[in-house]
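Here is a short tour for someone opening this structure without any background. Have a look at the model first, and then we'll walk through it piece by piece.

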Amino acid sequence: MTTKIPLNEELWDRLNEAVAPMALCYQCGVCTAICPLSATGNSPSVRKLVRSAQAGLVTGSSDAWLCTTCKLCEYTCPRGVPIADVLRALRTIAFSERKAPARFEEVLWKIYENGNPWGESKLARAKWTEGLGIKDALEGVEVLLYTGCASSYDPRLQKVAKALSSILKVANIDFGVLKTEEKCCGDAVYQSGEDAYLEELVTENIAAFRKTKATAVVSISPHCFNMFKTIYPKYGAKFRAVHYTQLVSELLDEGKLSLTQPSESAITYHDPCYLSRYHGIEEPPRKLLESIKGVKLLEMGNSKENTLCCGGGGGRIFQETEGERLSNVRVREAIETGAQVLATACPYCIQNFEDSAKTLGKSMLISDVAELVAKAMRPE
Amino acid sequence: MKIVPRTDEVRFDAATKTLDRSGAENEINEPDKNALEMALQLKQKHGGDVVLLSMGPPFFEPHLRLGIAMGADNVILLSDRAFAGADTYPTSYTLAIAIRKIGNFDLVLCGEESSDASTGQVPPGIAEWLGIPQVTYVSQIEVTENVARAKRTIKGGYEIVEAPLPLLVSVELGCNSPRFPDFKRKRWAEKEFKLTVWTASDLEAEPGKIGSKGSHTIVDELIQLPIPSRRMEQISGSPEEEATQIIQKIKEALST
Amino acid sequence: MVYLEHSGGQLERVSLEILGKAHQLAQKLTTNVTAVILGCNLGKLGEEAIQFGADQVLLANSSGLEKYTTEAFTAALGEIVRERKPEILLLGATHDGRDLAGRLAVRLNTGLTAHAVQVEIEPETNLLLCDVPGFGGSIVARCKCPHSRPQMATIRPGIFQIPQRDPQRQGSIENVAVSLGEVTTKVVERSVKETVDIAKAEIIVIAGRGAESYLDAIRKVSSSVGGVIGVTRPLADKGLVPRDQQVGSTGYAVAPKVALVLGASGAAHFVSGIRDARSVISVNKDPEAPIKSYADYYVVDGIERLLPALLSSLERMQGRER
């Protein structure tokens with residue numbers, strides 16, 4: 001029996017304009033099969049989403065919003081369809097029709113009003129810098145350390161910011177932080193499919209960064225890094241975007257850091273999706289960890305480009321999770337390696353893993369690479 | 001619509017006993033966003049115009065333009081030195097005569113209260129001045145012909161109230177999800193949209209009824225409530241040990 | 001003069017609270033407390049009001065007053081106030097109370113202060129002084145209405161003590177006729193469930209954002225200790241628990257013997273709701289959460305770890321007690 005499905009020409013035009021390569025999809029379904037969410041009982045049918053985009057169908061499906069943008073599907077797709085972009089195009093259209101989940105809109109309001117998705121006071125953004133003698137970037141610096149909202153406000157993640165700033169100090173880098181003038185990089189806005197406010201926010205940030213005269217912007221979060229590297233140039237940004245693992249790895253190579261403090265520990269490193277699959281940054285964090293005396297680095301089965309998403313990308317970190325959390329699956333995998341420490345280089349991953357470790361009742365230590373390196377720097 | 005300072009950024013100066021709002025970010029009073037969202041949903045369903053009315057100083061303007069970006073059609077700001085120092089009586093009077101001047105309205109929607117003084121008195125006051133019925137603490141509303149059916153929150157539940165238009169409604173905080181502004185429209189709102197400002201003489205307001213002259217109440221002084229001193233003792237140990245101690249402390253407190 | 005609310009044949013809790021306070025104020029002013037009760041089938045409410053402190057009760061009995069409507073009640077109370085000319089008029093800051101007071105103050109061309117947490121008589125002037133909280137509850141404005149009459153105030157529920165009921169107390173009850181005017185609004189449906197009155201409870205177990213997914217376990221803990229549950233605003237917003245059980249500046253202020261706060265970070269607008277709790281115990285996994293400064297005892301641990309331990313300890317205790 002055939003059903004007539006109404007095609008929306010206008011929608012097809014918009015989608016085609018945004019993601020013409022979606023036409024490459026031949027519906028093999030590998031994307032749906034490989035999507036990590038299929039392990040959790042709450043997964044989108046990726047194939048169907050791409051199909052509806054191809055067919056210009058009006059879709060009110062909430063599936064597109066479940067996606068964490070981990071790009072495992074894209075990595076596996078035999079035809080190279082930019083699936084994450086297709087889903088984002090669907091989100092953009094849904095958002096403009098007010099079909100986005102309410103929580104996404106609330107987060108956008110918070111970013112607009114407070115400069116961060118948590119709704120915390122702008123005045124408290126630089127609290128983590130108190131007493132550390134960190135330069136205000138507006139005084140003019142070579143390197144802008146972009147803290148990011150998570151590391152500015154979450155007490156657990158402030159430790160990462162502090163660790164990284166101590167590393168940069170020891171290496172004598174001329175760096176500073178924008179303090180209360182720092183605003184959200186806009187990742188959550190981008191993920192919501194909202195483009196008009198994104199342009200305003202990105203433009204404001206580029207102007208603020210220009211004031212610091214910094215030639216490089218170093219991010220703690222791979223999500224901020226990704227925004228600065230791939231999205232900001234579209235709006236005229238000229239600075240060099242760097243993830244801190246790249247910078248610190250360079251500093252180690254140049255002899256500006258010495259890691260003298262040993263740490264007898266078995267560590268397994270989790271590749272954040274936005275570092276490995278998005279940007280191929282896999283060796284620098286590993287090199288840093290292996291440079292710490294006494295560290296034994298163990299690899300999980302799903303490592304490097306095959307890394308298993310923690311569930312925080314795509315704006316999901318601000319949403320409720322239904323079904324099993326992806327980070328639970330990953331923490332279990334980490335435990336299986338026999339490691340005592342699960343290291344990573346992304347604040348969302350850390351938030352998710354800390355939660356999962358507590359829920360699973362496991363004593364796995366969750367650590368950011370910056371924290372481990374900073375500890376290894378310290379003399380007894 | 002009222003623009004208010006972030007309550008956690010307002011500082012109390014203990015020496016001068018005054019409120020320092022200068023460091024605080026200003027934002028649209030949250031329940032007013034819910035009221036605007038309700039208005040916009042009604043407009044989507046029934047057509048019509050949504051006019052934002054506000055009484056305040058010029059710095060309110062950019063925030064009101066945000067209301068246009070959300071979808072409102074017009075903004076009227078009542079701004080005049082003579083309006084300053086108003087308590088809820090002259091505030092509701094001023095807003096009411098402005099509404100009469102705008103004329104031809106079916107519904108007046110207000111946030112249930114503002115986050116600064118949180119009196120919630122202005123909406124009923126406006127309704128009284130206008131001589132129209134009111135339904136407060138409304139979470140949902142439907143309009144058919146010239147009758148509104150409003151769901152009103154009361155203790156322990158709700159009631160459905162029917163009332164004729166024109167009607168004033170005060171909207172419950174959090175009853176809906178205010179839409180994120182359309183930033184393309186916001187650019188238009190900032191560059192091209194002409195915002196209307198009315199002064200006391202535009203309104204032909206009676207001088208004795210506005211501002212501090214029209215206020216019946218005065219504030220004698222401001223006090224910062226002392227935080228009751230707490231023991232701040234940490235209980236630690238294994239979850240079992242912590243649980244035992246918690247139960248112990250509960251028992252102790254109950255026996256007092 | 002005190003406006004009393006009632007339901008199910010009994011005076012509302014907040015009305016008793018303000019009756020008690022009104023009695024104190026009246027003594028300072030060497031005057032009487034007149035209570036006004038509007039409704040239909042008012043039964044023994046008049047006597048109840050006297051036993052709780054009213055000297056005189058005015059009953060307006062009418063079918064048009066069976067359910068609260070702004071128009072009818074404003075007309076009725078307005079007429080009574082214009083006739084009797086009280087110095088002071090107090091109402092409970094309930095939804096209906098605030099709805100009514102706001103309109104009535106404009107009708108009577110007088111001053112109204114909102115949800116006062118303290119009222120006193122200023123000695124030199126005999127004026128009513130009201131302490132009104134604002135800005136999330138941490139700052140209080142001391143207000144007064146120097147010239148207009150009556151000086152109106154709505155009183156926040158749960159602040160004042162309910163006075164002792166004195167069954168021997170005497171007073172006068174008067175039936176008054178009121179004209180309700182044209183009433184255009186109609187209450188067509190009403191759905192009220194048995195509410196948990198968190199203001200009455202000796203123990204409140206409050207669930208915050210961090211405890212959101214554990215409400216069932218928290219309910220068990222709460223009933224084990226003979227308490228009620230309260231929530232912070234985000235949980236009430238989500239409809240997980242009725243708003244009547246929301247604690248904080250936009251919810252209720254409670255004064256239990258003990259408040260067990262689970263998974264709340266200690267935001268200022270929540271904390272203002274528990275400031276009068278005799279003892280506050282907090283559990284929060286975040287060692288930096290501000291709640292620890294507002295607690296007598298605090299535990300830094302995850303709710304998911306504490307709850308099972310609490311439940312099994314309580315079970316063991318109850319087992320032993322049997």
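C:Val258 sits opposite C:Ser279 in strand E17 of chain C. The two strands involved are E16 (residues 258–262) and E17 (residues 279–283) of chain C, which run parallel and are joined by 5 bridges. Strands here are DSSP runs of E with at least two residues, helices are runs of H or I with at least four, and both are numbered from the N terminus. Two strands count as paired if DSSP finds at least two bridges between them.

Zoom out and you find an open sheet of 6 strands, with parallel pairing, in the order E14(B)-E18(C)-E17(C)-E16(C)-E14(C)-E15(C). Its edge strands, each pairing on one side only, are E14 (233–235) of chain B and E15 (228–231) of chain C. From one strand to the next, the twist averages 25 degrees. Helix H5 (residues 215–224) of chain C packs on this sheet, touching strand E14 (203–207), E15 and E16 of chain C, and its direction makes about 170 degrees with that of E14(C). Axes are lines fitted to C-alpha atoms (for helices, over the stretch in contact), and angles run from 0 to 180 degrees between N-to-C directions.

## Ground rules

This is a predicted model: local features need pLDDT of at least 70 and side-chain atom pairs count only at pLDDT 80 or more, while totals for chains, interfaces and linings use all residues. Residues are numbered from 1 along each chain as its sequence is written, and chains are lettered from A and ligands numbered from 1 in the order in which they are written.

## Where the chains meet

How many residues of chain C are in contact with chain B? There are 74 of them, and they meet 70 residues of chain B; a contact means that the C-beta atoms, placed from the backbone, lie within 7 Å. Helix H4 (residues 95–107) of chain C gives the most to chain C's side, with 8 residues. By class, that side has 32 nonpolar, 20 polar and 22 charged residues. Ala, Val, Leu, Ile, Met, Phe, Trp, Tyr, Cys and Pro count as nonpolar, Asp, Glu, Lys and Arg as charged, and the others, Gly among them, as polar.

Strands also link these chains: E13 (residues 218–224) of chain B and E10 (residues 139–144) of chain C run antiparallel and are joined by 6 bridges. Within that pair, B:Glu221 has C:Arg142 as its bridge partner. Turning to chain A, 12 residues of chain B are in contact with 14 residues of chain A. Chain B's side there is made up of 2 nonpolar, 2 polar and 8 charged residues.

## A sheet inside chain B

Chain B has an open sheet of 3 strands, ordered E5-E6-E12, with parallel pairing. E5 (51–55) and E12 (196–198) are its edge strands, and the twist averages 20 degrees from one strand to the next. Helix H2 (residues 61–70) of chain B packs on the sheet, touching E5 and E6, at about 155 degrees to E6(B). Helix H3 (residues 88–102) of chain B lies across E5, E6 and E12, running at about 145 degrees to E5(B).

Strand E6 (residues 74–78) pairs with E12(B) over 3 bridges. In this pair, B:Leu78 stands opposite B:Trp198.

## Helices in chain A

Chain A has 17 helices and 8 strands. Its C-alpha trace spans about 75 × 45 × 35 Å along its principal axes. Helix H8 (residues 155–170) and helix H17 (residues 369–377) of chain A have axes that come within 8 Å and cross at roughly 45 degrees. That makes H8(A) oblique to H17(A); angles under 35 degrees count as roughly parallel, over 145 as roughly antiparallel, 65 to 115 as roughly perpendicular and the rest as oblique. The residues making the contact include A:Leu164 and A:Ile167 of H8(A) and A:Val373 and A:Met377 of H17(A). By class, the contact has 9 nonpolar, 1 polar and 2 charged residues.

Helix H14 (residues 283–290) of chain A also meets H17(A), with axes that come within 10 Å and cross at roughly 30 degrees. H14(A) and H17(A) are therefore roughly parallel to each other. A:Pro285, A:Leu288 and A:Leu289 of H14(A) make the contact with A:Val369, A:Leu372 and A:Val373 of H17(A).

Notes
Contact = placed C-beta atoms within 7 Å.
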